[in-house]
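Please work through each task before reading its solution.

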Amino acid sequence: MDVEILARIQFAFTIAFHYIFPPLSIGLGLALVIMEGLYLKTRDKAFHEMARFWTKVFGLTFAIGVASGIVMEFEFGTNWATYSRFVGDIFGSALAAEGIFAFFLESGFLAILLFGWDKVGKRLHFFSTCMVAFGAHFSAVWIIVANSWQQTPAGSHLEVAGKVVPPDYVPTPGEWEQSRMVIDNFWEVVFNPSTLDRLSHTVIGAWQAGAFLLISVSAFYLLRGRHAGFARRSMKIGLAIAMLSSVLSLLSGHSSAQVVAEHQPSKLAAMEGLHETTTNAPLTLFGWVDEDTGRTIGPKIPGALSILVGGNRETEITGLNDIPADLRPPVQATFQFFHLMVAIGGLLILISFSGGFLWWRGTLWDAHSSLARTYWWVAVFAVFLPQLANQFGWFAAEIGRQPWIVWGFLKTSDGLSKVVSANQVLGSLIGFMLIYGLLFFLFIYLLNKKIQNGPGEASVGTYTEPEWLKNRDS
Amino acid sequence: MDLNLIWFLLVGILFAGYAILDGFDLGVGMLQLFIRDDRDTRICYNAIGPVWDGNEVWLVTGGGALFAAFPEVYATVFSGFYTPFMLLLFALIFRAVAIEFRSKENWPFWRKGWDIGFFTGSFLASFLIGVTMGNIARGVPLDADFEYAGTFFTLLNPYALLMGLTTVALFLMHGSIYLVMKTEGDLHDRIRSWVNPLIIFFIISYAIVTLATLLYVEQITDILRQQPGFFALAILLLLAIANIPREISKGRDFRAFLSSCATMLLLMALFGIGMFPNMVYSIPDPANSLTAYNGASTGKTLGIMLIIAIIGIPIVLAYTVSIYWIFRGKVKLGPDSY
């Protein structure tokens, strides 16, 4: 395999693994703020116990998030050095801002959140929890700014060997070393055309990940008949966040797709498997892209794509056939990941609102109701759905961006490190696979153990001297 | 003072902050392996428990600032030092999860395994940071496009390896003083007896590195020769080191720790002065060196970033100091401890 495909696999693997954890930090962060806020307001110890249990889960996800996150910052330079030179004037600022404004905030106040229960007052602890949650959200802001600028560059221009070139200028292969994007306007970079829609869609997806973890663990306790009071309260908070965010996710996803249609027509065509440029464009519900014949097979709603993008059937949608072959993304993968994300999004609306309905009817807590028990079983496994939707959404967004690494300016194949060999990348990729495989196994093991132990005294980890130590002393 | 110099200083301050703060975490990570009792080992883990990941953020932010302010330097160093940096990442990952995972099971092999992981991660990270600094100081081959022109084995030269060893010694010394400050009773006395040997270990390795620098690294000695005023810093450095055993013997552990911090700050200052304006010195052809000028972003970006830093850094310092204040004093194991 050549260095390009290896570097892409390594980046995809390390970012996909990392992205299991930040959504949980963001979503659980929000839930912790709600729990501690309710505790302060009601003085009900039950909320305090809840916050302590979920803080322990938060600590575990945060630690692996930190450990796998530092890799990402290094990889731009190690594997994508030409890209780093090309975008440093813009992309680097967002990363540095993320460090100063977000990472310091969340990791600093995390100390108080995890270890400060007995060291500071209730209010200061609540404030720290808010700062951790705020920092987690703020880190999403800056990394989405950076990524959105890659998708829809704005507030910047291309320079070759220190000279401004016309917007449509394509540097010769030898000129990439001397080419770079130069900033014109910081706020135009920050609020580039896709930032706000992609940011809201991403953060809402993270809330769903946190909410469904709450719902899943609560449903598990309800099924086992353990910690019933705790489980009800946690599930109510989870369902409330889930109902709100599943609807918001639909809305923000819709407006994100409209931005894609306007600025990245080839990505939209690949997401929808649309080959012919047409008005009254159909929406394929699910199916298979036959890349040889240039057709997409599956049930279609006539005109629906045009209506979704432009509000009427007359809206013309660009098809893949009108995009030069070397500028098309991999169609099948983009199509399938996008459709899977949308399907899961629909499922999440269904699950959250049927939970809300049962809650409203009062049957949700009835262990004798087969309806409730069925729902609990579904809820236990639903925890994987937002995780998958988050992953698939990013796959669609990033595969659909190909062949560009900076849309319209730099191709992924031109962004590599020139001095790094395929063997070096293969070696590090194997290293990451082994280490992350181990971490994932241990994460699941420890998370399961924490859930089995449950809230209350056991969750606070009362330390008992191990037997083997006692024996040794005597 | 121009923007490039300001950013050279700010990036230096971020990395110095990382060395001072995570330096003691890494030192504690190495030292804990030599403490036998499980309770005492836990005290070591919990001495850094609340603060280590905030400390690691200094590296993340330093890297981000390097990317933003000096993208050429970031790209050249990170791609050129590919293999050691991947090993550094693996080491930092193991260090991080060892702290989180160790306390979760009581099995002896589990705890001992993570202790070894914590040691190995901390040792490897310290050593590789030193090797990187050594290569940056000594110079590495760069071509006319500022791309790294050596191999992995170019980086394993004796000077860089010696710098790696010195960094290990420095972090061991720093970590032991931090532990003295955070422990009490029998454990405190035991670690206290380690401080002086570790200081001597550091001084010997530092003396050998300095000798090697004077003999072989001309570009740094030239700069110091032209500006003899900077030797004052070297004298201050000696005073700061000498002050550590003095404070320890008087039982003023916090002052000893401050002296150790000052030692590290002065070391970084001397390093920065010896380098400026170079950021990666090129041998054998110095014309290809990356400097704070030819490797920088545009003035506009440096200006915007400066505003971000002026807003952000005071806030960060304010709450970091507050958090250290809240967690001041000796470590007490409680229900939330690792």
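**Exercise 1.** Determine how helix 2 of chain A and helix 7 of chain A are oriented to each other.

*Solution.* Step 1: the axes of helix 2 (residues 21-42) and helix 7 (residues 195-224) of chain A come within 7 Å and cross at roughly 70°. Helices are DSSP runs of H or I of at least four residues, numbered from the N terminus; axes are lines fitted to C-alpha atoms over the stretch in contact, and angles run from 0 to 180 degrees between N-to-C directions. This is a predicted model, in which local features need pLDDT of at least 70, side-chain atom pairs count only at pLDDT 80 or more, and totals for chains, interfaces and linings use all residues. Residues are numbered from 1 along each chain as its sequence is written, and chains are lettered from A and ligands numbered from 1 in the order in which they are written.

Step 1: angles of 65 to 115 degrees count as roughly perpendicular, and helix 2 and helix 7 of chain A are therefore roughly perpendicular to each other.

**Exercise 2.** Characterise the residues in the contact of helix 2 with helix 7 of chain A.

*Solution.* Step 1: residues including P22(A), L24(A) and L28(A) in helix 2 meet residues of helix 7, among them W207(A) and L213(A). Contact requires C-beta atoms, placed from the backbone, within 7 Å.

Step 1: the residues divide into 14 nonpolar, four polar and no charged. Ala, Val, Leu, Ile, Met, Phe, Trp, Tyr, Cys and Pro count as nonpolar, Asp, Glu, Lys and Arg as charged, and the others, Gly among them, as polar.

**Exercise 3.** Describe the side of chain A that touches chain B.

*Solution.* Step 1: 62 residues of chain A are in contact with 60 residues of chain B. Step 2: helix 4 of chain A supplies the largest share of that side, 23 residues. Step 3: by class, this side of chain A has 38 nonpolar, 16 polar and eight charged residues.

Notes: Contact = placed C-beta atoms within 7 Å. Helix = DSSP H or I, 4+ residues; strand = E, 2+ residues; numbered from the N terminus. Parallel < 35°, antiparallel > 145°, perpendicular 65-115°, else oblique.
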